[in-house]
Each structure stands twice: as C-alpha cells, then as structure tokens.
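Dear colleague,

A summary of the findings follows it.

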Amino acid sequence: MFDKKDIQLSLAAYTKILCHVMQYPYTAVNGILLTKAGCEDKELIDVVDCVPLFHYNIPLSPMFIVALTQIEEYASNRDLKICGYYHANEYYSDSEVGAVATKIADKIAENCEDSADCCLLIVENDKLSCLSSDIPLKAFLPSKTNERVDWRSCDKPRLQYGEKGLQMGPEVVKKQLYRSVVDMDCHYDNVSLHWDNRAIDEVVKLFVESLTEH
C-alpha cells in the first residue's frame, strides 16, 4: 500500500540538515526528522525539526539505539514525535538510497506510530552549490507490501517560506553557520555539547524575522 503525501520542511530542520552536510563534506551523515505529536493530517508530513545523528557511526549499532532512545524522550517532552530520517551519502555524485540508508530508514519506520506518516530524505550532494534556486533533497515515502517496506520516490519537500526560505541556504555558507552544528557523535565525545542545536534555531529565528519585516 502506498499513501502518497506531501512533505513540508521547516526552515529550522532544513538549516540543520545543510549545516550537518557542510560540516562533514567528506563523509556520510544522517539524522532524525521530527513532527508535532498528535498531527493526523492524512495528506501532509510536516517536518518541524531534526536531530543530526552521526558522521562516523553511520551504520546501525548500539550507539544508534541509544541515540534513538534519547531522541524519543526529547521529542515526547516537547510534544514532538519521530517522522523520518535523512541521509547524505559519502560521495559527491551519489544521491541513491543505498543499503545503509534503507536499513536505518526501515528501522525508523518500524518505530513510527504509523509507517505511512514517515518519510526518507536523501541529500543531493551535487546540488549544494545551487542553494539559492533549489532544495537539494530527494524524498521517499514507504510502501508496505507483505511486511516489507519499499521506499518510493515522491515530490520534493515544500520548504517553509518558499523561495524566500531558500535564501537561508546561502546564509549558512556566508556565515559559516555549519561550524556550530552538533550531532550525536560530537555529544558523545563531549557531553557539554548538545544536539538540540539551539544556536542554529536562534539564527533561523532572526532570519525569519528579517523576512517578515519586508
């Protein structure tokens, strides 16, 4: 069964994904997507935030299970829930859904309250130089047949604030905002660093305020 839905991506989530990819351009990175708890829109997956996971502990491992448990607790305390997974492959020209991404996305879908409310985003590394004109993400939705999940391509996510929101991409580069991103690997190396990335949220907030002033 394949329920096609639109995917909407908040500016905060989009910015954190970009920062994660840009901070570690020579390795694969991944993260968890979050939506509002209690959201039962049958036509939309509204990604409101994300948590950067790893840049060197990518495959499923005990660390992944620990991180997932932490994120679930973090989300539930903020009326959020897990709604998907993002993945950037190691190589510049590789934007395919590989075995590792599939395996982790399947695990995320299993943990979602309803797998139909889950999505997979793959970063198009070769489009990171065109941030002012396009969102460098491919989207996939789960199709469950005979207890097996297949990830089917769907429309690109809609970015919050549309074309105006796209200008956040060049801002990430200009301000080198990516240098401030904290993922789970960073946190486990130094627990004083937190993966909620509030510093990035504050920059996004100021950017949004500048949009509404015009």
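Gln 176 is located in the loop that joins H5 and helix H6 (184-189); helices (H or I, at least four residues) and strands (E, at least two) are DSSP runs, numbered from the N terminus. Please note that this is a predicted model, in which local features need pLDDT of at least 70 and side-chain atom pairs count only at pLDDT 80 or more, while totals for chains, interfaces and linings use all residues. Residues are numbered from 1 along each chain as its sequence is written, and side-chain values use heavy atoms, with hydrogens and water left out.

Two residues deserve attention for their backbone. Most residues other than glycine have a negative phi. Gln 176, although not a glycine, has a positive phi of about 50°. Its relative accessible area is 36%, and Gln 176 is therefore partly exposed (buried means under 20% relative accessible area, exposed over 50%, partly exposed in between, with a 1.4 Å probe and protein chains only). Tyr 161 likewise has a positive phi, near 70°, and is found in the loop between strand S9 (158-159) and H4. Tyr 161 counts as partly exposed because its relative accessibility is 38%.

Helix H7 (residues 198-212) has 15 residues and spans 21 Å from its first C-alpha to its last, close to the expected 21 Å, the expectation being 1.5 Å times one less than the number of residues. Its buried residues are Ile 200, Val 204, Phe 207, Val 208 and Leu 211. Seen down the axis of H7, these fall within an arc of 100°, so they line one face of the helix; the arc is that of the directions from the helix axis to the C-beta atoms. The face turned away from the buried side carries the exposed residues Arg 198, Ala 199, Leu 206 and Thr 212. Among the elements covering the buried residues of H7 are helix H1 (11-23), helix H4 (162-166) and helix H5 (168-174).

Within H7, Val 208 counts as buried because its relative accessibility is 16%. Leaving aside neighbours within four places in sequence, Val 208 is in contact with Leu 11 and Tyr 161, where contact means heavy atoms within 4.5 Å. The C-alpha atoms of Val 208 and Ala 12 are separated by 9.9 Å, although these residues are 196 residues apart along the chain.
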